[in-house]
Amino acid sequence: MCLALPGKVMTIDRLSKPTMGKVSFGGIRKDICLEYVPDVKIGDYIIAHVGFAISTMDEEEANKTLELFDEINRTED
Amino acid sequence: MRYIDEYRNGQYARTIAGRIRATVTHPWTLMEICGGQTHTIVKYGIEELLPENITLIHGPGCPVCVTPTELIDKAIGIASQSDVILASFGDMLRVPGSSKDLLTVKAEGGNVRILYSPLDAVAIARHNPGKEVVFFAVGFETTAPTTALAVREAARLRLRNFSIICSHVLVPPAVLALLSSPHSRIQGLLAAGHVCTVMGYEEYVPIATTYRIPIVVTGFEPVDILQGVYMTVKQLEEGRSEVENQYARSVQREGNVSAQKLMQAVFDVTDRKWRGIGMIPNSGLMLKNEFAEFDAELRFDTARTTVEESPLCIAGEILQGMRKPPECPAFGSQCTPERPLGAPMVSSEGACAAYYRYGTVKPERKEAGLLQEGRG
């Protein structure tokens with residue numbers, strides 16, 4: 001039930017009620033409600049759950065974590 | 001896919017597992033709350049990567065599993081009426097009520113539909129003015145805002161033929177109920193990342209302090225889970241009991257404020273019965289008075305049923321992390337996904353379904369889990 005996946009925002013329709021947009025999940029585009037991510041921009045990654053974006057991905061945080069793993073791997077090799 | 005594949009990277013997983021092995025000096029029992037996390041753990045064999053003295057027990061985080069049978073029977077009663085379209089998520093339709101499930105109602109000619117989004121139910125109501133459209137709304141705090149928006153849309157569009165059966169439940173009250181049980185073996189918690197995406201994690205701080213257990217907000221991919229386990233175990237070894245956030249790419253401390261606001265505008269908190277567990281105070285959501293016209297339980301006159309669960313099924317103990325699915329005598333014999341006795345065998349988040357599907361059973365681990373005493 002709480003399954004949610006990251007996708008990239010391709011279009012935003014702020015005139016529609018509620019705010020909707022096209023989001024790409026690995027190339028598959030879906031209509032996603034963007035009402036709960038009011039500051040979202042085209043190109044942002046969002047986390048989508050049952051057709052709704054519930055957060056905008058903090059890409060800096062995501063990359064920071066991955067860089068940390070890479071660093072650990074390097075020092076332990 | 002970006003931001004998924006990286007978190008399924010085997011090299012990262014082995015690296016973190018190595019760090020866990022280097023950190024652990026005591027046996028520890030952790031609970032992951034969310035059924036989605038349980039599926040990741042069983043599917044990717046995460047327990048195989050962990051040292052023997054770390055035990056993962058599975059929590060109640062399967063909304064479909066804890067929806068009371070009486071409510072499913074009510075939905076079946078409503079869906080069986082001729083002028084009704086009943087819509088819900090696919091998982092909900094396969095959960096057994098006292099005599100059948102909603103898919104059987106569909107097979108018998110009922111108009112039962114599987115939804116992708118709660119907004120689809122609003123669209124169905126708009127396109128079918130001659131029908132009553134009922135959305136069977138289930139889910140934790142992750143899903144509740146999506147139902148809230150559907151109700152607000154129905155109100156804005158003045159839809160008279162739309163209503164919901166509201167079975168939304170809240171995680172922190174259930175966590176409190178589990179931790180205050182004398183049977184609790186939980187020494188550390190992996191909190192559900194998507195619930196916290198909506199709600200933030202401040203409400204877990206008093207829980208961590210009161211019960212002196214570390215709580216780590218954790219994501220859903222294998223590397224996320226391993227990192228969540230590492231952060232929890234590190235706290236335990238250092239004698240800390242804080243709330244930390246592993247899933248910072250999605251979760252902020254305050255959560256999604258606009259989603260919380262609409263939830264609060266549409267729902268009140270209420271006591272709720274959890275299937276297999278019992279009544280938990282302040283653990284459910286109900287429509288506020290001003291949205292009562294959208295309450296299907298008020299709109300439809302449905303008979304109250306009293307329900308007895310199968311005496312063979314130990315779903316309640318499984319949902320509370322007291323036992324694991326392979327310990328159930330009916331597991332895989334009298335109870336399978338095709339012929340389930342209890343909801344955890346059907347739902348894509350149910351622990352029994354995960355063990356049945358991915359089939360990882362290590363008898364020696366099972367015994368270790370049973371023998372281990374909690375820290376109290």
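Predicted model: local features only at pLDDT ≥ 70, side-chain atom pairs only at ≥ 80, totals over all residues.
The interface brings 30 residues of chain A into contact with 38 residues of chain B. On the side of chain A that touches chain B, at least two residues each are supplied by strand 4 (45-49), strand 5 (52-56) and helix 1 (59-76). Helix 1 of chain A contributes the most, with eight residues. By residue class, this side of chain A comprises 20 nonpolar, six polar and four charged residues.

Chain B contains 18 helices and 11 strands. Its radius of gyration is 21 Å, close to the 21 Å given by the globule rule for 376 residues, so chain B is as compact as a globular protein of that length. The C-alpha trace of chain B extends over about 65 × 45 × 40 Å along its principal axes. Of the 376 residues in chain B, 56% are buried. Among contacts in chain B with a separation of 6 or more, 77% join residues 24 or more positions apart.

Within chain B, the axes of helix 8 (residues 118-127) and helix 9 (residues 144-156) come within 8 Å and cross at roughly 20°. Because this angle falls under 35 degrees, helix 8 of chain B is roughly parallel to helix 9 of chain B. The crossing of these two helices is right-handed.

Key: Residues numbered from 1 in each chain as written. Chains lettered and ligands numbered in written order. Contact = placed C-beta atoms within 7 Å. Helix = DSSP H or I, 4+ residues; strand = E, 2+ residues; numbered from the N terminus. Nonpolar A, V, L, I, M, F, W, Y, C, P; charged D, E, K, R; others polar. Rg over C-alpha atoms; globule rule 2.2 N^0.38 Å. Buried ≥ 20, exposed ≤ 12 C-beta atoms within 10 Å, placed from the backbone. Axes fitted to C-alpha atoms, helices over the stretch in contact; angles between N-to-C directions. Parallel < 35°, antiparallel > 145°, perpendicular 65-115°, else oblique. Left-handed = near helix turned anticlockwise from the far one by under 90°.
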